[in-house]
Structures are given as C-alpha cells and as structure tokens.
Amino acid sequence: MAIAVLAFLLALGRILSAESKFMVYNTSASIHPTKLNVHLVPHTHDDVGWLKTIDQYYVGSNNSIQRACVQNVLDSMVPALLADKNRKFIYVEQASSFQCHHAFFQRWWRDQSEATKTIVKQLVHLGQLELINGGMCMHDEAVPHYIDMIDQTTLGHWFIKEEFGVTPRIGWQIDPFGHSAVQAYLLGAEVGFDSFFFGRIDYQDRAKRKNEKSLEVIWRGSKSFGSSAQIFAGAFPENYEPPSGFYFEVNAASPIVQDDISLFDYNVQERVNDFVAAAVAQANITRTNHVMWTMGTDFKYQYAHTWFRQLDKLIHYVNQDGRVNALYSTPSIYTDAKHAANRAWPLKTGDYFPYADRANSYWTGFFTSRPAFKRYVRVMSGYYLAARQLEFFRGRATSGPNTGSLADALAIAQHHDAITGTEKQHVANDYTKRLAIGYSEAEALVSSSLACLVESASNKECGSPITKFQQARNLFLELKNCYCPPSETALSNGKDLMLVVYNPLGWKREDIVQIPVMTGDISVHDSEGNNVESQLIPITDAYHKLRSYHVKAYLGRNAGEAPKYWLVFSVSVPSLGFSTYSILRAQGTGARPTLSNVSTVQPGKYSGVNIGQGNLKVEFSAAGKMTLYVSRGMKEHVEQSFSFYSGSNGTHNDPQKSGAYVFRPNGSFPIIPEKQTPLTVVRGPIIDELHQRINSWIYQVTRVNKAKEHVEVEFIVGPVPTDDGIGKEVVTQISTGMMTNKTFYTDSCGRDFIERIRDYRTDWELEVNQPAAGNYYPINLGIFMKDSEKEFSVLVDRSVGGSSLSDGQIELMLHRRLLLDDSRGVAEALNETVCVEDDCTGLIIQGKYYFRFDPIGKGARWRRSYGQELYSPLLLAFSEQDGNSRRSSGRTQFSGIDPSYTLPENIVVLTLQELDGGKALLRLAHLYEIGEDKELSVTTEVQLKKLFPSKKIGKALEMSLSANQERAAMESKRLVWQVEDSAEEGETEVARGGPVDPIELIVELAPMEIRTFILEFTEFDTVIYG
Ligand SMILES: [Zn+2]
C-alpha cells in the first residue's frame, strides 16, 4: 500500500515537473552551407477588397462572407515578433496614406501609439519585419495600365521611405493570374527589386519547369533593355501556401507539433519526418540547396502566435534531427542565398500569359470582366495625370481640394480583385464609389486651377478665382451618354458657353471635340473670335434611351429635355496647355454649324455606301456589311461582325463553368444583323458616320474623321439577353485578307508588344484543350498583325481580352454576362445589372475601338502616338458667360512649357506633380521599342529648361522608377545575375540615356526608357507663358 502510494507520488511529481518546465526552442538557425536549407517565410496575403470591401477586411466585419480581419493580423504580429528575435514576418499591402485612409498597413500604422510605432520601426530595422512589394496593393498584371502600376507603387514606396527609411527589395506578386513582362522589367528591375516571386503560372508550363528545375529563372522582360533590366524570378512549385499539412491558423486542420511527452499524441518524430519529406520533394525540383516555404495564405496570422509557436518547434526539432536545416527567413534572405550560389540560371523572355490552372480552365475571361468598371478606371487614370499637371501649373494650394483621394482610389482599383472584375458586386460598387469621390475632389481642383490660369497672367495669389468651371461631371457616364448639363443648359438659358480645352500631352494637338447641345442656333469661335467650322449630328434614339436610363439609374433624377445634336468642331491646342473656344447664340445671319446630311437607307435596296471624305474611305455592301478600306493607295478587304460564345455550364467530364475569371466557351454563335433595320448615313464637313442597329441589344456607329486616317467603331452592347438560361460572352471580329501565319502581337500593360502565335507557347510544347480561351491575351493598348506588305492595328479604349483565332482576323471580347460561378472563390455569377428602383436589367456598355492599315514597318507610329492620345484625351471645362459681359481680358491660350518648344513625337510626360517644398516629380517616357520605327526608335533629347520656362532648375536628381531612392544608389546595389551559356548570344548592346549635365539639363531617352527626376527649383518666377 505504502509502496503503491510512493509510486503514485513519484509519477505525479514527474508529470508536475514536466508541466512546469519552460521549454526554450532554438530558433536561431541561419543558412547552413551544405545542408538543404528550408527558408520558412511567414506571410499573410491580404486582398485590398475581394469578397468583402477593404474597410470590412480591415476591421473584420461582414464575417459571414469571410472570416478575415487585417487589424488582428497586424496587432498580433507585433508581440509575436517581440517574443523571439529570430522570428520574421513580411508585409505587402500598404494601401493608403491620404485622407481616406483606406486600408491595411498604413491605416493600421496611423492608429498605433508612438510606443508601438517605435517598436515596429525597430522590427523593420532589425529585419524581423520586412516590407516587400510595397505598393498600395498587389496590382494585377494583365489589365492595369503601366502608368497606374507606377503610380500605385510610388505611393506605397514613398510611405515606406518616409516612415521607415527603407526601400523594398523584393517583388511579391504571389496571387495575380499570370505575370507580365512589364511587371518583371519595369515594376521589378526598374524600381530596384532584386527578385520577384509569384504563384500562378500555366499548369503545363509548371509541370515542365518542375521537371527541368526551371521554376527559378532570370527574366528579361524587355527587348529594348535586355540584361540591363533583368530580374531573378521565382515561380512557386504550387501556390503561395505552405506545403500540405503545415497550416497553423487557429482551427486549422494540420497536426500541430505535440512535444509534451507527458500528454498523449506526442508526434515530434512524425512531424519532423513530414517536414523533411516535403523539403526533399521540393529540393528535387529546385536548383541550389535552398528552398522557400511560403508559411501563410489569405488573411492568415489573425492570431500570429498559433503559427509562430509551431514554426519555433519545427525549427528546433528539425534542426535537432539534422537532415535538413530549417530557418526563419524572408524573400530577401532567400534571394541573397540564391545569388551567393554564384551560378547561371535559365533565361526567360516574354511573359506568363495566359494562365490556366487546369485543362479547361483558362483565366482569360477576366481580361474583359466588368468592362464598364475597366473603362471607368482608364478614364480616371488619364484624368489623374492631367489634374496633377494643372495643380503644378497653378501652384499647389495648402488647403482645398487635391488629387489625394483620386490617387488612393485609383491605387486600390489596380488590385488583382478590383480592375480584374473578380470581386463580388458589392465590392465593385465600393471601388466605384471611392473613384467617384476622388474624382469629384480632383474635379474641383482642376476647375479652380483652370480658372486661375484663365483669369490671371500670373499664378501668384490665386486665392478665389471668379470663373466657375463645370466639367462633364463623371465624364465616363455623362458625356459619353450625351448627358452634359453644362453644354445643354447654358445655351438654352440664353447664356453663352466658354469652353477650355486642355491638352495633357507635350505635343501640339489637332483634334475634334464633341458635345451635346439643345439647339443648332449657335456659332463656334476660337479665342481670336474667328468662326470655327463645326458640324451638327442629330442624336439618335439609341443614345436618348441610354441617356435617360443611366441618368435615372446613377443620378436618381430625370434627365430632362434631351439634347438634339452633337456639336462637333476641330480644336487646336498647345503642348501641356489649353485653348479656349466660345459657343455663342447665333446672331443675325452669321455662320452656323453645318447640319449633317442624314439619309436612311433600307438594306438591299441600294448598291452600297461609303463614308469618309478625306484620305480614308470605308465601303459597305448593300446589306450594310463593311467591305473595303481605301486609303492612300491601299485597298484592303475588311469585314466586321459580332458573335457570342455561350458560357459553359460545365460538362460531364469537367464541371468547369465560364465565370468572372475563367473563359470556358461552349460553342460560338454568329450574331446576324436584323434584315429589316435601315442604315443611317450621316455626312458632314468633319465626320461621316454609318449607324447600324445590329439587333435589339447591339447598336454600332462606324465613324471616319476627315482629318484622321483610322476608322473609329463605337458600340453599345447590352443588356445581353439571358432569358434562354445561357450566359454569353460577346465578341466582335474584324477580318482582313491578310496571311498572318498564326502570328499577332499584343501589348504588355500598355507598353511593350509581345509576339503571340496561335496554339503555341515559346516555353513548352502546348497541349491545346481550349482553342479559343487558350489563345486569348490581355489588351490594354492594342493588338496588331502583319503580312509581308502591311500591318493591321486595332487600339482599344480600356482593357479587353482579344486574339487572332484565324489568319487575318482579330477578335475582341467586348462584354460578358454569365449566370454561374466559376469556382475560383468569388462565389457569385458575373451578372452585372443596373437598376432603376427595383427594375433591374443587364448592364449596357458603350465603348470604342479604332483600326487602321499601314505599310509594313509603319504601323507603330499610329499605335504609339494615337494610343497616347486615347489614354490622355482632351480635358473639357465649361463656363457660362453672360452675353453682355463676354470676356475680353484674361488668358485665352496657355502652354505650361516654352511656347517655342514641343516635346519630340516619341516622348511623353508620364508624371508632372508638385511635391512638398516646391519640388516636382517628373517622369519622361520614350514611347517606342527598339527597332519599332525607323525614325522614332532612337535616343531622343528633352530640354528640361524648355519644359520649365518660368522656373530655374537648381537640381535634377535622377531617381528609381518609384522615386524612393536615387537611381545611382539603386544601380550600385543591384545584384548581378548570370544566365545559362547560350543565352548571352544575340544580346545586342543596350541603349540608355547618359547622365544629365546639371548646367545643360538635357535628358536623353533611349527606346522604351522611362526616367524619373525630382526637380528642385531655385527661383520661382510666377509669370507663366501665355
Ligand atoms: Zn489575392
């Protein structure tokens, strides 16, 4: 009995002593020179909007949709890192420093005490917390425009620089759906990143790369820059998640490391074995003795301790075991280890589009998803560029409206579940609302800046200008749907209208302006009072319907009396400047606009018709079908048609459906124009149009401007009918007789053109499962094809998906309306509707594309120059004028640059923005690639003094692309990588502009070069050239 009690007490004592022992885990491992090193990278992937809005993600509300709270992640990260100095964490999404305080790191930062801020700064400096990627969001790479990518990255990088004094080293684009050349070389190498990691590449490509151990490459994304803008790029073996069985979020199913021998289910050896097996499996597909484990995923580390507790134990026991070496790491440490291996890597050129994760699952639908939102973002992007210029010319005010909110809203709209169209509807609404708020502030800024510039010969003390400008508020919605209150009401109220036309480009520009008016009893005059030739085009029913519907739906009011005409007239506007025009009530028998000649013709009742009265004519058949393009000796067959793909509802063998991400068609069906519908032909001195009602939900206008040599096609598509239970993806095809040998070219984020070959991939032997979806590519700027004699180019007004599915033909996907979800997480059908009260119908979209033939080798000029005009349209501002007090004083013309100077045709100002302390951010870009155009693909000079005629430049400091470090410092830090032997052959010498002489201040730009400067002005002369 006594012995039994003693044994019991001894056993109890053992248990008690085991329970009270404080276990110290050895987490101090660093890189081991010979063992396999497993770099454990704790991370969280925090979408700035997807299933919930960014605010909901930040505070952790709306949790019935998704249990996610970014505040929890960041709050719990701090004590978890403090608990052990070996622990590390990376954070990616900055999102917002301006007054909206949208989300995530910056928002959290704002809410912290000074004590916490000090601690976090310390964690950053010790390398425990690394801020990587560093943009406001993890932007998509298929559908954003490169200017937006630069802007949003710059905002985030500036915040990090300002608060922490650091520059991110690593690109971390783990979730976007395919990867672009522009991301690799421009938003990678040119912002000073040493490497770039990502999760999603084509499943066939991935399989081959695993076999060949070529998931990690040196990526040269730019033909023009070659090795001078290359980057170490690593695709993960699977996703951006941990190996299976190593998830440690609260409530995760993976087995934890149970190392308390006094408790049941002790499993240290099993877990170590699992770890070693997973590490060895990855080592078998990876070069060098370093592998990275991405320890985290979407919105994880909400209670960071659960992860770190397990990682501490794994590092301790795995290293005790000794077969492999496990360590806390970051992508920077991993990159340095790869670099230190001092070996050659496979070379990668081109890009990683399109992305498919399975045989019938091509993520090429999102190139077009939410086409109206994509257009809205594009319009706002061009507006933001112009608004910053005007703010600079006026001189930034210390208070009052600014561009901050628009910058913010645009930044988060580039997120890979925003502009992509792969977010839930309520989240899309949230992004749109933010853009609308940002726009209204920027609009107020633009109006007051223009008023200042118009009213005074000097911008000094421009406190409260008298002139009140209105713009076509919400340009996208209102002007294009012919709703423009300023131009409609002024003239009908007996007032005259002054119109300021601002040109954000550095070239003098001849263009046309088109505004809706109530009456034709008017005349148009330039600033000298000369009569300007103008044309009236009657507004058709299709536009009236759209106008009243959208005004009711979006503005909640009746549109009022409809305007009768489009007033069209030519304008001539100086570089980075404006011209003014007046539209007056006509007096006496003075000049009036020419009323267009409108004829209605029944299809089949005449022999054909053509439009165009300049160098370009387009002919149509008796049935109204486009047949011939005639221009300057070129006579080309061209046809244009519509069709739709029926969205797959899944098949017996593969349940994959067509949805927001995935394009999976189930057959293609031509849309035959309705036979009885007449054509309307509009002719006038400036433009000719052919109007066609294709069917009850497609309306089209083909337009030729006498002064331009391209065809403009405007479409109204929707509501896409789905009452047959079938989702539809609407496309247009433009067919030529060209022999294009399966080859076509599409742009990368609006910048470099990349060769595409139908049913072919450069990097692997393609198994073709989806002949349409698998040949779709993102188009931001345009698509073109060529034969031995000519080129055929199409430019777009927003991001769309497109392809050349048969020789000589180009196809654009214009609209998508689908009834089922495609199982990639959004859990909603892409079925956009617009409601007036409770009456909802499918979204109607309106847009344009432009096409043109050129002799071979001559097409780039139009694609680049006109493409830039499309991105930066003329900005219009209206002011009512009392007939009796027509302005006689004030500035009627303005150029922000020396009036004797114009930027070269191949150069644009990407950014002109006033910074604190009277400094300015200037980005200049060469628009042409190497070899693209005989005369324009050359190194070109810009004279900074002529760009700033009224200021004296004290210093022009060249910066990295995101302007967070000096260019020279960035280049001196850049890691140098080697590529495998044969790859160096054929590398021609790379051209780059030379250093800028501080006295001469001439900037050289080589093809495709973007150079970023911070300018300091020593003298301010407020007199502006007029
Ligand atoms: Zn994501």
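Biologist: Where is Tyr-301 found?
Modeller: Tyr-301 sits in the loop between strand 8 (290–295) and helix 10 (305–321). Helices (H or I, at least four residues) and strands (E, at least two) are DSSP runs, numbered from the N terminus. This is a predicted model, where local features need pLDDT of at least 70 and side-chain atom pairs count only at pLDDT 80 or more, while totals for chains, interfaces and linings use all residues. Residues are numbered from 1 along each chain as its sequence is written, and side-chain values use heavy atoms, with hydrogens and water left out.

Biologist: Is Tyr-301 buried or exposed?
Modeller: Tyr-301 is buried, with a relative accessible area of 0%. Buried means under 20% relative accessible area, exposed over 50%, and partly exposed in between (1.4 Å probe, protein chains only). Tyr-301 also has a positive phi of about 75 degrees although it is not a glycine.

Biologist: And what about the phi of Cys-749?
Modeller: Cys-749 is not a glycine, yet its phi is positive, about 50 degrees. Cys-749 belongs to the loop between strand 33 (743–748) and strand 34 (752–757), and at 1% relative accessibility Cys-749 counts as buried.

Biologist: Switching to the metal: which residues coordinate the zinc ion?
Modeller: His-45 (NE2), Asp-47 (OD), Asp-175 (OD) and His-416 (NE2) do, at 2.0 to 2.1 Å. Donors are N, O and S atoms within 2.8 Å of the metal (3.2 Å for Na, K and Ca); water is not among the atoms, so sites may look incomplete.

Biologist: What do the angles at the zinc ion look like?
Modeller: The angles among the four donor atoms run from 90 to 161 degrees, and the site is irregular. Four donors count as tetrahedral if all angles lie between 85 and 135 degrees; four count as square planar and six as octahedral if opposite donors are over 155 degrees apart and all others between 65 and 115; anything else is irregular.

Biologist: How are the donors of the zinc ion spaced along the chain?
Modeller: Their spacing is H-x1-D-x127-D-x240-H.

Biologist: Next, helices. At what angle do helix 6 and helix 12 cross?
Modeller: Roughly 60 degrees, and the axes of helix 6 (residues 146–164) and helix 12 (residues 371–394) come within 10 Å. Axes are lines fitted to C-alpha atoms, for helices over the stretch in contact, and angles run from 0 to 180 degrees between N-to-C directions. Helix 6 and helix 12 are therefore oblique to each other; angles under 35 degrees count as roughly parallel, over 145 as roughly antiparallel, 65 to 115 as roughly perpendicular and the rest as oblique.

Biologist: Which residues meet there, between helix 6 and helix 12?
Modeller: Ile-147, Asp-148 and Asp-151 in helix 6 meet Val-377, Ser-381, Tyr-384, Leu-385 and Arg-388 in helix 12. Contact means heavy atoms within 4.5 Å.

Biologist: What is Thr-403 in contact with, leaving aside neighbours within four places in sequence?
Modeller: With that exclusion, Thr-403 is in contact with Tyr-384, Ala-387, Arg-388, Glu-391 and Leu-445. Thr-403 lies in the loop between helix 12 and helix 13 (404–413), and Thr-403 is buried, with a relative accessible area of 7%.

Biologist: Last one: which peptide bond to Pro-354 is cis?
Modeller: The one from Phe-353, with omega near -10 degrees.
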